[in-house]
Amino acid sequence: MCGIFGCILKNGDASPIIHAALKRLEYRGYDSVGEATIHENKLFIKKDQGKIDDVHIQHDLDDLPGRVGVGHTRWATHGAPSQTNAHPHVDCAGQIAVVHNGIIENFGELRRELEELGHVFRSKTDSEVIPHLIEEKLKDGLTMLEAVREAVSRLEGSYAIAVISVKEPDKVFCARRDSPLVVGVAENATYCASDIPAFLPLTNRAVIIENGELVVLNDNGYEIRKVTDSTPVSRKPEIISWAPNMAEKQGYPHFMLKEIHEQPLCLRNTLRLQDPYLELMTTFLDRAGEVFLVACGTSYHACLAASYMFSKLAFLATHPIIASEFIEQHGRAVNIDSTILVVSQSGETADTLAAIEHARLRAATIMGLTNVIGSTLTRIARVYVCQQSGPEIGVAATKTFTSQLCVLAQLALRLAKKRGKVSHVEIEHLEEKLEQIPEVAEKIIQSQEEKIKQLAKKYKDAQCFFFLGRGVSSATAFEGRLKLLEIAYVPSLAYPAGESKHGPISLVEKGLPVIFICPKDDTHKTVIGNIMEMKARGASIIVITEEGDEEIKSLADDYIEIVKGVPEVLSPILYAIPLQLFAYYMAIERGLDPDMPRNLAKSVTVM
Ligand code: F6R
């Protein structure tokens, strides 16, 4: 996730406006920043790696001439954070500057094609293909509008772009597909941005740009057209009534809720991972003597779920290990034949880094899954995949958890394919279901949120919760419990449901809320037995179950429903979402701030 901004002012310099807007977009990315403006038919660019304030101290981001410009704040996905990889990117002649948020899936192919035509690339980003494509189209004598339209028609993947060019210096050209883009309309200026907060102090009149649309900002305002055939679209601005503190959260009261709601979009991005890295990881996993899945907290729960995915799909046994225990538990067993798949959102967790340092010294193969390119994990790992969730500001991991699961499921599926362990028909079915995950996640949030809010009202004073599930759902249970206890401070237990009768059941008394995670999978029958055990002792049963599962629903005091037909191995991605919402609303009911749970930090850099 990155932030883009563009503006055309009637008077004055654009650069201080761009700089201030980028500050307001900083939560979308903060590893690099850049601006480009046009003045007297020349392009002026300043960009560098680092946080906006640091880059400003070095380069003075308010000091570029011209009333038309674009800016970018970056969260690296392709190419490490560096000055060269920072946006804006330009064409060979240095006449077109582009800022981009999204992922261009076919950039490799486009880059090869453009290089054959003589274009010289400077960065390692996917985004740089865009100015070169536009430059190529302009050679055919097209207008900027047509050249941008034709260029974006060649792009596969997601994008929101803003483009300026000395060819038509009084315009900003924008387009979007699957990445957000809004236009802000003021008396003396028109803006475009990834999010409304970027221009909210300047205007509250916003036009939401839809997928497949192109916009030109000019001195008279804006013009929207369809990318497919350039037909004009008429859309009036709407008035935004957000208070400034709500703006950075896009109208949500907390980052945690915003990030829960962002999951469909994040999952879509995660499904666009770069093939070669996934393929390389699959090869390492296939060859490995033994595989350890090492992580802390929520990332560990993703590993736990992944161990079921690898085993069920690819017949690969893996050891999910809490990073702080890794050296004690397996330190001496690790050797050149060991493969360590390390999962860390931040890539900086001290316990995790200590574990991999140990494994590295023992010549193990280290592979990483992280959300932060340039983090220590990406520097140590032999190969890594970036989950592409964008920055997560809420302390509790939500969108990054479901994205991690989505990457791990993709890896397990690839390995299954490679090993020929699962039938072709099943693989295709799972691939299709994986593609539908973002849409299903959206449906779950839309249909269940209000019900979950009511559930939190009902159970807000409970002193303790049990979370139970069998099979892969035991990982979901662990994660649901962690969310509730860290955000709403409710002491809770989570167990694989079968294990609950080996001790924890002694705590059960009348009214104890027990949350069962019960997708309709092979464990269904046995879970019913476990529900009966808890019911018989007076527990209040809350189930997260599949739509239409009347048998389970009839046993429950309360239920949350998940769309039918979610395959077992993918179920944690979707069944975790109601648990995140439940923890959030429990915190609200108990008068707590879910974004700032006591004693916790987003990145735990001490051991
Ligand atoms: C819980 C949470 C933590 C992190 C853990 C690992 O909501 O956020 O448990 O999951 O500190 O962090 P990373 O994934 O950055 O290594």
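1. Ala, Val, Leu, Ile, Met, Phe, Trp, Tyr, Cys and Pro count here as nonpolar, Asp, Glu, Lys and Arg as charged, and the others, Gly among them, as polar. With those classes, the shell around the ligand consists of seven polar, five nonpolar and two charged residues. The model is predicted, and the points below should be read with that in mind.

2. The ligand is surrounded by 14 residues, of which S299, S344, S346, T349 and E486 are the closest. Two helices each contribute at least two residues to this shell: helix 10, residues 297-314, and helix 16, residues 473-488.

3. In the side chain of E486, an N or O atom is 2.5 Å from a ligand oxygen. For the side chain of S344 the corresponding distance is 2.6 Å. A397 takes part through its backbone, where an N or O atom lies 2.9 Å from an oxygen atom of the ligand. As for cover, the ligand taken alone exposes 400 Å², and the protein buries 90% of that.

4. Away from the ligand, aromatic rings deserve a look. The structure holds seven aromatic pairs. One of them joins F465 and F467: the ring centres are 6.4 Å apart and the planes meet at 35°. Planes under 30 degrees apart would count as stacked and over 60 as edge-to-face, so this pair is classed as tilted.

5. F465 also pairs with F582, this time edge-to-face, with 5.5 Å from centre to centre and 70° between the planes. Because F465 belongs to strand 21 (residues 465-469) and F582 to helix 19 (residues 571-589), the pair ties together parts that are 117 residues apart in sequence.

6. R598 has its charged end over the ring of Y489, 3.8 Å from the ring centre. K553 is placed likewise over Y559, with its charged end 4.8 Å from the centre of that ring.

How values were computed: Residues numbered from 1 in each chain as written. Predicted model: local features only at pLDDT ≥ 70, side-chain atom pairs only at ≥ 80, totals over all residues. Heavy atoms only, no water. Near = heavy atom within 4 Å. Polar contact = N/O pair within 3.5 Å; in protein donor to acceptor, adjacent residues only side chain to side chain. Areas by Shrake-Rupley, 256 points an atom, 1.4 Å probe, with all protein chains shown as cover. Helix = DSSP H or I, 4+ residues; strand = E, 2+ residues; numbered from the N terminus. Phe/Tyr/Trp six-rings, centres within 6.5 Å; stacked < 30°, edge-to-face > 60°. Lys NZ or Arg CZ within 6 Å of the ring centre and 35° of its normal.
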